[in-house]
Structure formats: C-alpha cells, structure tokens
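Thank you all for making time this morning.

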Amino acid sequence: MSGTTTYRTCPRSGLQFEAHAEKLMIANAVAGVVFLLLGGILAVGIVLTRWPAIHWLEADTFYQVLTAHGIDMLIFWIIFFEIAVLYFCASTLLRCRLATPRWAWAAFALMLIGAIMNNVAVYQGSSSVMMTSYVPMMAAPSFYLGLILFAVGALIGCFVFLGTLVIAKRDKTYTGSVPLVTFGAITACIIAVFTITSGAIILIPTFLMSVGLVKEVDPLVYRMIWWAFGHSSQQINVAAHISIWYAVAAIAFGAKPMSERVSRGAFLLYILFLQLASAHHLLADPGLSTNWKVINTSYFMYFAVLASMIHGLTIPGAMEVAQRQKGFNKGLFEWLRKAPWGNPVFSGVFISIIGFGFLGGISGVMMGTEQLNMIIHNTIYVPGHFHATVVVGTTLSFMALTYFLIPVLFRREMINPGLARWQPYLFGFSMYFFCLVMMGAGTLGVSRRHWDMAFSGAALAYEWPGAAYLMMGLVGVAGIAAIVGGGIYIYVTVGSLLWGKRLDTGVKSNTFTPIPPTAPSAAVQGYGSIGFAAPGTFVLAMVFLTAFVLYYFINWKYLSTLWGLS
Amino acid sequence: MSAILPPAERLWWKHPLDRVEGTWIVIALIWCLIMFAMMVGWHIYGKQNLSTETYRTTPEKFTAKAQAFVDKYTVRTETDLKTPVVAPPPGSDIYMIARLWSFWPILELEKDKTYRLHLTSMDYNHGFSLQPANINIQIVPGYEHVVTVTPNRAGTYSVVCNEFCGINHHTMVGRIYVK
C-alpha cells in the first residue's frame, strides 16, 4: 500500500507532504475559499440592507441572502478548511500517509454535492429559513438533504483523520506522544463526530417531515438537538483555530508550549465540557428547568471557559518565552514590540487571539449567563458575539495559516506581499469595530435577522432610539471595510495560486522519513524552574480579567433595574 | 518547535508548571466559581429570573382562554385592526398570543403590580422582545410559558418579534401600556 504514494519534503519548511494528502488538502482548502468568496459576496447584501440609510434589498431577498450567508460561512467555508487542517495535522505533522485516500475523495465529493445542493435550494427561494431552520417553518427537502450529505461527507473525513493517526502509530513515524497541535486536532475531530451526529439526528427527521413521511418534529426538541449541532460546530472551530495558534507560535517564533500538561489538559476540558455550552441557546426557552439551565451553562460551561482562558495565556506566554530567549528581555513588553508584525502569519494570529478573547470570549460568557441572557437573546448582540469568535477567531486564523501554506503547500510565491501584510490589520480591526457596534446596537435591543428597524407597514411600530440607528449605520461602514479586507485575502490567495511563481517542490521519496526524536535538553526541561517566565503576558491577562469583571457586573447592574420577573 | 513536534520528554505530564500558568489557572478558576455563584445567588436574592412554568398547549385551547380573557377585560380598541386593549386586575392571569404577524391583544398593566403572563405561538417560533426595557423571551409553538411579570416603570412598551418568522416579520410588533 505505502508503495503507491510519494513523500515530498518541503525545502522551505522541512514539512513532509504525502502525495494523496497534499492533493486532498489543496482540494478541501480551495473549496473552502470558494465558499468564503460566495459568503463574502452575500455579506455585501446583508450589511447594505441593515445599514438603515441604504436599506438595499427587498425583504424576501434579504432573508434568502442571510440564510445562504450563514450556512456558506459557518458550515461550508469553515468545515472544508477544517478537513484540510485535520489532514495536515495527521498526515503532514506525523509524516505518514493518509488513510484510505479513496474514502477521503468520496467524503470530499459528498461534501461538495451537499453544499451545492443546499445553496441551490436556498437560491430557488423556498428555503429562506435561516441557518437554524427551526421547525415548524419548513424548507425544501433538498435544503435538508444537502446538509445531511455534507455532514456525512465531513464525518467520513473525520474517520479518515482518525485512521491516519492509527497508520502513524503502526508505522512508527514518531516516538512518544503526538504533537500538541495534532492533539488539538484530535479534540476538534472528537467534537466534530459528536456535532455531526447531532445534526444527523435532527435533520434526518426534519427532512422526512419535509417530504411528508414524518408528521411532526417537536419544536422544542428540535431546538435542543439542533443546537447540539449548531453550537458544537463552532466548538470544532475553537479547537481547530487554537491548534493553529499553537502551530503559528511554533512556526513564527520556534516557541514551545509553556507546559504540555496544561495545554493538553485544557483541550481535554473542551472535549468533556464544551458541547454542554450549547445549552445557553435555550436559556430564554420555556419548558426547561432552572437546574438544567444552570448546570449546563455555568457549572459545565465554565470548565470550557477556564480552558479558553488557559489557552489565552499559554499561547502568548509561549511566544513571550521564546522571544525572551532570543534576547528581547527589556521590560514587560519588548518581546511583543519586537514581534514580526509585518508577517501576516503572525499578525493575523495575534489579532485573532486578542479579538477572540476580549470581544468574543467576554460577550459569550454574558450570553451564557442564565439571567443576563434575557437582555441579549436574539438581539443583534448575538451576531456581534459570534462574528468575534468565528470571524475574528476562526476565519482570521485560517487566513493567517493560508499565508504560511501558499509557499509550503501550494508551492507558489505569494503575489503582492505588501497587500498581504496589511490584510490582517484591515480585516481584523474592521471586524473588531463591526462586532463592537453590533453589540452596542444589541444592548439597545435591536433585533437580529430583521429586515427593517423602521417597522414599515406595522400597525404598532416601535421607534428605536437615535443611537441604535447610528450603531447600525456604523455596522454598515465597518462591514464594508471588513468585506474589502476579506476580498484582499481572496485576491492574494487565489491570485498566488493562479499567477504566483512556481516554487521548487523539494525532494521526493517513496518512503516516509520518521520524525527524529527530540533530545531532551536542559532548556527543554523547563520553564517550570525559571519561575515567572512570561510576566508581560500575565499583565495582559490581568487587563483582560479586569475588563471581564467590570463588564460582567455592569450587565448585572442593568438587569437589576428591569421589570421583576419570576 | 515542539507544538508541531512530539514532546521532547516522554513523561511530559510530569513537567512542572510555571508560576505564571499556575497563578493564572487559580485566578481563572476562582472567577469561574464567582460567576457560578452569581447565577445561583440571583435566584435567591435577585428579582429578574425567568420562570420555567410551562404547559403543553394547542392553538385551539390557548385561543379559547385568551378570548375569554379579552371578552372579560377589554376597555377599548386601537388601530385600524380594532385590536382590543385589555386591562386585567392586578394578580390575574393575562394572555398574549404570538402569530403571523402580530401580538394579540394589547395589554394595559399597573405599575408595581404582578401578573401571570401566558405566552404561546399559534404557528412558528416567535420572539418576545420588550422594548425599550430589552427583555427577551423565546416563544415556542405548542408550549404555554407562564412568566410572572412586575412592571416597575410607567410608559408605553413595544413587543418586537425578534425570532425570524417569515416575510412580514418586521411588521410583527405588539404593545403593553403600564400606568
């Protein structure tokens, strides 16, 4: 079997790519970028409609575009790219061949067919049901079937990843434990299996309902199981993009994790608790007990929050330690000032870490607090939150990783590196602002998924305060800036693939080269004995905690002024 | 480069923690425990907790109860649709129907008095978004949710539907007066 493939050692990174795995990574990543492009074009329609002064699209088109944007971005772009990341973390990092490449291609084909089928269903116009497709509102059968096919394909991809781990173990391509980044990818894969199974459990009966074979799917049961899919799929992203952060810290700085035990322990907390956080989508729902809500969203969710707070410290901490060892030791922050800010691989990841923590993380905990959820549920604060996690967190990390992969995986010289250098700043900061003003508008009550904040045609219209209109106008401006940033990414990436100078592929071989064991050196033995190895990061973490605590209690203060509810 | 390489030490789980990590984990854990205590404590000391009282219902059953309530306490009608304005006595059970694309009826409540508000949907999911207070509750068809409310400020409140429910979603606005 292993004789039918070749292994290429990249002369620029030293990474080893197996021929099948490499083609599959390229195919999945390219498919992902195509859906990102599609979702980005759709985003233009959404921001220009929610910008009150423009209010561009008609209501039916708006809801149609919003449905497609949500699914293309949150599911198709991200999961295609994640499958590429999984193959990378298994086959490339462990230097082994990919398991069952035929099945991997079948998975890719199923995902592609499903994604296209779902998109066609939405554009035909009878499936404007939003990404969540809450029953009893029904979409066309092909809408659900497309999602199911995609899910089955992604599930096969997960098993190809797991099979590849088995091959690496059997062929002894490495010694000891898998690398931390692969460990994070395993976390993502385990969460993905749970997630996709939940999706199948609820979408299959809904599909049968849409063709008339099942009479009814209970709306509350649907909401619960759908969110085990809908939110957990975002936890795949978290596990995947945090793995990328660790990888980029290693690539850009040669940083090693501060301690394997802490970082892996934090990933383990994700596996055990992160999915339970899905329950926070049901905090404003009838029919669920207070105990159920509190246990799932605080007791368990906070273990996942704890894990994120740990990664938030250990990744910049590892960068700081690596920089200090290179001699950037002055004061608290010389390590950060002297970081490679002109390298989009690093700047993208760092902007992603800060935005994910400060904007996405803090707002996520507010929404996940049982009582505070009442002042946030279904307002535009919610998309403000998840654009901070999914766009600033995941998408920006994937973009940063792409800049690394263009020469390494795609073997092309990047066109226009000057533009690429600015892209993470333009995209990241305009997304920061976009999320902030969305949360601001949401704090004033503005609804999400709403075509007209002026309520034209309503018998009893409500007049939003002027500040809400201002915020929504700023959402429009920031959204357009972010779309331009996203466009530059697509231009640089696709342009490099099409017109970039071909680079040397490196030495090909018919057998893999195992990873040489790393000799434990005195330096590797450890930071544990250094004492307080990353003081600058610790100060940043305390700034974060202060913002978190203040904002948390401001929300409680506001809540206490409201109507009594019991 | 060990995040993308196997750990150098085979027994990596015996590797000592750095003090930065240890301290931060303890601080973060304490903060998580405080947040947990807040959520539970608010049920004991706080005044804004969402009720969990829920019954299964059908559109027919709920409409019958809401109609009886409207017949009994209507004081006037408003808008071209002659939507009834209902002024129930304090402490009573009050009803609001969410359906495509309206909230029915209009309620007129007294400040600092308590009511048992029954909510359900006749068709799809809807959202009860009370503005400008910004209190948001999900309305799920088939489930009657009883929320005990005590308005604490007089004024005209709007109920905006904030769960997508179709093409005229943006026209679905109801009203509650508090005197």
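Let me begin at a place where the two chains share strands: strand β4 of chain A, residues 564–565, is joined to β10(B) by 2 bridges, and the two run antiparallel. Within that pairing, G564(A) has T150(B) in β10(B) as its bridge partner. When I say helix or strand, I mean DSSP runs numbered from the N terminus, H or I of at least four residues for helices and E of at least two for strands, and two strands count as paired if DSSP finds at least two bridges between them.

Before going further, please keep in mind that this is a predicted model, in which local features need pLDDT of at least 70 and side-chain atom pairs count only at pLDDT 80 or more, while totals for chains, interfaces and linings use all residues. Residues are numbered from 1 along each chain as its sequence is written, and chains are lettered from A and ligands numbered from 1 in the order in which they are written.

Now to the contact as a whole, which takes 79 residues from chain B and 96 residues from chain A, where two residues are in contact if their C-beta atoms, placed from the backbone, lie within 7 Å. On the chain B side, the elements that each supply at least two residues include α1 (19–45), β8 (126–131) and β10 (143–150), and α1(B) gives the most, with 17 residues. That side of chain B divides into 42 nonpolar, 28 polar and 9 charged residues, counting Ala, Val, Leu, Ile, Met, Phe, Trp, Tyr, Cys and Pro as nonpolar, Asp, Glu, Lys and Arg as charged, and the others, Gly among them, as polar.

What form does the sheet in chain B take, and in which order do the strands come? It is an open sheet of 7 strands in the order β2-β3-β6-β12-β11-β8-β9, with mixed pairing. The edge strands are β2 and β9 of chain B, each pairing on one side only, and the twist averages 20° from one strand to the next. Helix α2 of chain B, residues 59–73, packs on this sheet, touching β2 and β3 of chain B, and its direction makes about 70° with that of β3(B); here axes are lines fitted to C-alpha atoms, for helices over the stretch in contact, and angles run from 0 to 180 degrees between N-to-C directions.

Taking the pairings in turn, β2 (residues 74–78) and β3 (residues 83–86) of chain B run antiparallel and are joined by 4 bridges, with E78(B) opposite T83(B). In their hairpin, which has 4 residues between the strands, T79(B) takes a positive phi near 65°. β3(B) then runs parallel to β6 (residues 106–109) of chain B, with 2 bridges, and V86(B) stands opposite L107(B). β6(B) in turn is joined to β12(B) by 3 bridges, again in parallel, where E108(B) faces Y177(B).

Finally, why do I call helix α6 of chain A largely enclosed? Because 10 of the 12 residues of α6(A) are buried, meaning that 20 or more other C-beta atoms, placed from the backbone, lie within 10 Å of a residue's own. Among the buried residues are W226(A) and W227(A), and what covers the buried residues includes α5 (180–210) and α7 (232–253) of chain A together with β10 of chain B.
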